[in-house]
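Q: I have a model open and want to go through it piece by piece. Can you take some questions?

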Amino acid sequence: MIIAQELDSQEGICQDVIFPPGDLYSDEPPLESELHLRQIILLLTCLEWLWRDRNDFYAAGNLTIYYSPRQRKSEYFRGPDFFVVLGCERKTRKSWVVWEEDGKYPNVILEILSDSTANTDKDLKKKIYQDTFRTPDYFWFDPYTQEFAGFHLVDGEYQPLQASEQGYLWSHQLGLYLGVYEGLLRFFTRDGQLVPTPKETADQIQKKAEQAEQKAEQAEQKAEQAEQKAERLAAKLRELNIDPDTI
């Protein structure tokens with residue numbers, strides 16, 4: 001099998017080493033660039049903030065997924081740039097070990113393209129995620145060229161997702177759109193609203209508070225102006241020997 005041969009040929013790894021449960025640390029190389037790091041952090045931050053009241057998912061970036069049928073660290077592993085697993089306990093992990101997670105694979109995977117990884121992401125990894133992981137939603141994105149594509153698993157094969165009018169792609173698993181916003185990939189709600197970061201949420205709350213305060217000040221000013229106008233009118237009536245209280 002081509003995939004197995006590719007995975008078994010990794011240099012400097014002993015095929016016979018079996019690690020006990022809990023000792024499987026992530027073994028991913030450094031990220032390609034600062035922009036790759038910012039993209040991963042942005043997605044993690046937004047999703048965890050949006051789902052802050054949920055405890056049934058796990059999201060991570062640049063973390064190793066071990067999936068050896070023989071439960072070996074030295075074979076069959078991949079490290080997606082960003083992935084989400086649904087229906088699991090939300091807790092910190094050293095890595096994602098399929099045989100320690102009731103056989104669960106990611107529900108959503110995103111690879112961030114670069115010159116050195118694009119071909120693998122579009123070919124070998126796509127095939128692994130389709131045929132072995134059976135991951136329902138797969139996306140890739142290039143933060144430099146803005147290339148963005150997504151696929152949904154239908155009858156065992158990835159079918160390209162069709163973009164919305166805004167250019168967003170729907171994730172069936174997350175119940176969210178993904179789309180490019182200010183040069184980076186972001187989440188959007190079903191009605192097209194940007195999923196904010198905690199800071200953006202705080203800024204929105206502060207802005208609304210300032211707007212409410214401004215409206216209150218404007219209403220107070222109008223009330224004062226109306227009162228002053230009424231006082232001037234009453235004074236004018238008194239000049240004409242008319243008691244304003246009798247009108």
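This is a predicted model: local features need pLDDT of at least 70, side-chain atom pairs count only at pLDDT 80 or more; totals for chains, interfaces and linings use all residues.

Q: Then which class does E217 fall in, and why?
A: E217 counts as partly exposed, because its relative accessibility is 41%.

Q: Where is E217 found?
A: In helix α5, which covers residues 198–239.

Q: Which residues form the negative surface patch with E217?
A: The patch is formed by E217 together with E220, E224, E227 and E231.

Q: Switching to salt bridges. How many are there in the whole structure?
A: A search of the whole structure finds 10.

Q: What does R186 pair with?
A: The side chain of R186 meets that of E200 in a salt bridge, 2.7 Å from N to O. R186 lies in strand β12 and E200 in helix α5, so the pair ties together parts that are 14 residues apart in sequence.

Q: R186 and E200: buried, partly exposed or exposed?
A: R186 is buried, with a relative accessible area of 5%. E200 counts as partly exposed at 25% relative accessibility.

Q: Which residues are joined into a network by salt bridges that share partners?
A: E111, D121 and K125 are joined into one network that way.

Q: K125 again: which helix is it in, and which residues of that helix are buried?
A: K125 is in helix α4, residues 124–133. The buried residues there are L124, K125, I128, Y129, Q130 and F133.

Q: What comes just after α4?
A: R134, which takes a positive phi of about 55 degrees.

Q: Which other residues have a positive phi without being glycine?
A: N62 is one of them, with a phi of about 55 degrees, and N62 is found in the loop between β1 and β2. E182 is another, also with a positive phi of about 55 degrees.

Q: Where does E182 lie, and is it buried or exposed?
A: E182 lies in the loop between β11 and β12. E182 is exposed, with a relative accessible area of 71%.

Q: How many residues sit between the strands in the hairpin of β11 and β12?
A: There are 2 residues between the strands of that hairpin.

Q: And how do β11 and β12 pair?
A: Strand β11, residues 176–181, pairs with β12 in the antiparallel sense over 5 bridges. The bridge partner of G179 in β12 is R186, the residue whose side chain meets E200 in a salt bridge.

Q: How covered is β12?
A: Strand β12, residues 184–188, is mostly covered, with 5 of its 5 residues buried.

Q: Which way do the residues of β12 point?
A: L184, R186 and F188 point one way, while L185 and F187 point the other way. In a regular strand the side chains alternate between the two faces of the sheet.

Q: Which way do the residues of β1 point?
A: In β1, residues 57–60, F57 and A59 point one way and Y58 and A60 the other way, and all are buried.

Q: What is β1 joined to?
A: Strand β4, residues 82–86, is joined to β1 by 4 bridges, and the two run antiparallel. Y58 stands opposite V85 in β4.

Q: What is the strand order in the open sheet of 3 strands?
A: The order is β3-β2-β5, with mixed pairing. The edge strands are β3 (77–78) and β5 (96–97), and each pairs on one side only.

Q: How do β2 and β3 pair?
A: Strand β2, residues 65–66, and β3 pair in the antiparallel sense over 2 bridges. I65 has R78 in β3 as its bridge partner.

Q: Back to salt bridges. What about R38?
A: The side chains of R38 and E34 meet in a salt bridge, 2.7 Å from N to O. They are separated by about one helical turn, because they are 4 residues apart in helix α2, residues 34–50.

Q: Last one: what does E89 do?
A: E89 forms a salt bridge with K91, and the closest N and O atoms are 4.0 Å apart. K91 is partly exposed, with a relative accessible area of 41%.

Technical notes:
Residues are numbered from 1 along each chain as its sequence is written. Side-chain values use heavy atoms; hydrogens and water are left out. Patches are made of residues with over 30% relative accessible area and no salt bridge: like charges are joined within 9 Å, nonpolar side chains (Val, Leu, Ile, Met, Phe, Trp, Tyr) within 5 Å. Accessible areas come from the Shrake-Rupley method with a 1.4 Å probe; for residues, only the protein chains shown count as cover. Lys and Arg count as positive and Asp and Glu as negative; His and the chain ends are not counted. The place of a charge is taken as NZ of Lys, CZ of Arg, CG of Asp or CD of Glu. Buried means under 20% relative accessible area, exposed over 50%, partly exposed in between (1.4 Å probe, protein chains only). Two strands pair if DSSP finds at least two bridges between them.
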